[in-house]
Amino acid sequence: TVPYLTYTPTPLCAATIDNEWIPSCPTHLKPAVGIKFDTLQQGISFYENYARVSGFDTRLYSTKKRKSDGKISLKYCVCNKEGFRETPRLQSNCKKKRPITRMGCNARITLKLINDQDSYIIFSFHEGHTHPLTTPNSAHHSKQSINLTLAHKKYIMDNSRANIGATKSYRLMKEHVGGYQNMAASVSDFKNFQRDIRKHIRGKDAQMLIENFKRKQEMCSSFFFKYEVDDKQHLIRVFWEDAIGRKNYASFGDVVSFDTTFSMNEYYMVFAPFTGVDNNKSCVTFAAALLYREDTKSFVWLFEAFRAAMSACDPTCIITDQDPAMKIAIERVFDSSRTRHRLCMWHIMKKVPEKVGPTLAQNEDFMSEFCNCVWSKHTEPEEFDEVWNSILEKYDLMNNTWLQHMFQIRDD
């Protein structure tokens with residue numbers, strides 16, 4: 001464990017010369033000229049550990065190599081505040097302004113290759129810093145203290161499966177460990193790791209999905225999936241259904257809702273679930289699919305896959321929006337004598353404000369009367385026709401083409 005340290009500015013030279021800050025750390029951790037290391041990396045790690053305990057970050061600086069064999073003869077490790085930022089960069093019109101971190105610090109060590117050996121020694125060491133050092137209370141923000149552990153990475157990946165982003169994962173883990181000081185990582189590290197994961201699987205995610213489905217099918221024979229690729233071996237359609245979905249369909253599959261109005265993923269593939277309602281009026285999922293195109297061919301393929309997964313047991317009613325491609329596909333795949341196609345009232349009512357105009361859309365009396373007419377389950381067909389016509393006549397909507405069309409197709 002790192003001992004609790006205090007950092008006190010100590011003049012390195014006379015008052016006529018600029019003062020420097022001297023780290024306070026155990027003697028056995030402090031570099032000294034002549035210390036020998038078996039490898040170059042051991043020397044770098046030694047200085048990094050000294051920096052972590054002392055309260056500053058390091059940066060690898062220039063390297064010199066021997067011309068004879070190309071081996072590194074000199075390696076400079078400096079404080080991360082060494083030097084000054086270039087003037088053109090400060091004056092550039094970049095959108096994101098970075099804070100100035102370079103302060104001309106001279107703290108560094110020089111590692112030199114021992115002739116005829118592969119070992120290195122500390123050739124020179126400058127201890128003083130031109131800036132205050134990190135205090136123990138803020139040491140967890142130091143780059144030397146930041147390190148993503150296996151637990152961090154697993155937590156990020158588990159949360160990503162639940163569609164939880166890196167920033168929210170960082171905040172959740174902060175609550176688990178008791179505060180930011182116990183995190184040992186920054187939110188940028190969480191974001192960078194998630195970015196690297198996405199970069200690694202990009203171009204392979206479709207294959208990973210299919211392989212995952214195959215593993216599920218090996219573990220559970222009742223798991224069903226089907227997919228298609230195009231001429232370039234790009235995934236364009238995939239359907240899947242598990243044992244729970246099949247059991248739900250056997251119990252509550254008399255009425256099926258099929259909806260493709262969900263948000264698309266980054267490949268513009270539409271998520272299309274088959275859902276129903278159980279005895280507790282809760283939504284249950286029967287199956288799901290991803291489609292690249294919402295055309296008749298895709299819907300025919302999907303409905304045939306759905307029938308195959310459900311052992312050709314057709315629902316009594318299937319509810320969709322007014323997509324004409326869906327209507328054609330349902331007529332081709334399902335037996336009209338056993339399966340009735342109905343339109344989703346939610347999608348229809350969502351269009352009403354647009355179709356009747358902004359004036360009536362803001363008229364509370366009209367919207368109340370219209371909703372009572374449409375949503376009432378106690379209204380007989382003849383009574384519905386009378387109420388419908390009276391509303392259209394009252395609000396001068398008899399010539400509204402969309403309302404006339406919806407009234408005409410109510411029995412189709």
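Is D158 buried, exposed or partly exposed? The points below take up that residue along with the rest of this predicted model.

1. Model and confidence. The structure is a predicted model, and the mean pLDDT of the protein chain is 83. Of its residues, 87% reach 70 or more. Residues 1-17 should be read separately: pLDDT stays under 50 over this stretch. For residues 1-17 the model has 27 contacts beyond four places in sequence.

2. Overall content. The protein chain holds 14 helices and 12 strands. It has 412 residues, of which 35% count as buried. Taking contacts between residues at least 6 apart in sequence, 55% join residues at least 24 apart.

3. The residue in the opening question. D158 is partly exposed, because its relative accessible area of 31% falls between the 20% limit for buried and the 50% limit for exposed. D158 lies in helix 3. In sequence, D158 and S169 are 11 residues apart, and their C-alpha atoms are 9.6 Å apart in space.

4. D158 forms a salt bridge with K154, with an N to O distance of 2.8 Å. Both residues belong to helix 3 (residues 150-161) and stand 4 residues apart, which is about one turn of the helix.

5. E82 and R59. What is the distance between the closest N and O atoms in the salt bridge of E82 with R59? These atoms are 2.9 Å apart. E82 is buried, with a relative accessible area of 10%. R59 is partly exposed, at 22% relative accessibility.

6. E82 and R108. E82 also forms a salt bridge with R108, and here the closest N and O atoms are 3.8 Å apart. That distance still counts, because the limit for a salt bridge is within 4 Å. This pair links distant parts of the chain: E82 in the loop between strand 3 and helix 2, and R108 in strand 4 (residues 108-113), 26 residues apart. R108 is partly exposed, with a relative accessible area of 22%.

7. Salt bridges as a set. How many salt bridges does the count come to? The count comes to 15. A network of salt bridges links R307, D314, D335 and R338.

8. A helix pair. Two packed helices are described by the angle between their axes and the distance between the axes. Helix 4 (residues 166-177) packs with helix 5 (residues 187-201) at an angle of about 135°, and the axes are 9 Å apart. Helix 4 is therefore oblique to helix 5, because an angle has to be over 145 degrees to count as roughly antiparallel. The crossing of these two helices, helix 4 and helix 5, is right-handed.

9. Residues where the two helices meet. On the helix 4 side these are A166, T167, S169, Y170 and M173. On the helix 5 side they are V187, F190, K191 and Q194. S169, named here in helix 4, is the residue whose C-alpha lies 9.6 Å from that of D158.

Methods. Residues numbered from 1 in each chain as written. Predicted model: local features only at pLDDT ≥ 70, side-chain atom pairs only at ≥ 80, totals over all residues. Heavy atoms only, no water. Salt bridge = Lys/Arg side-chain N within 4 Å of Asp/Glu carboxyl O. Buried < 20%, exposed > 50% of the residue type's maximum accessible area, 1.4 Å probe, protein only. pLDDT = per-residue confidence, 0-100. Contact = heavy atoms within 4.5 Å. Axes fitted to C-alpha atoms, helices over the stretch in contact; angles between N-to-C directions. Parallel < 35°, antiparallel > 145°, perpendicular 65-115°, else oblique. Left-handed = near helix turned anticlockwise from the far one by under 90°.
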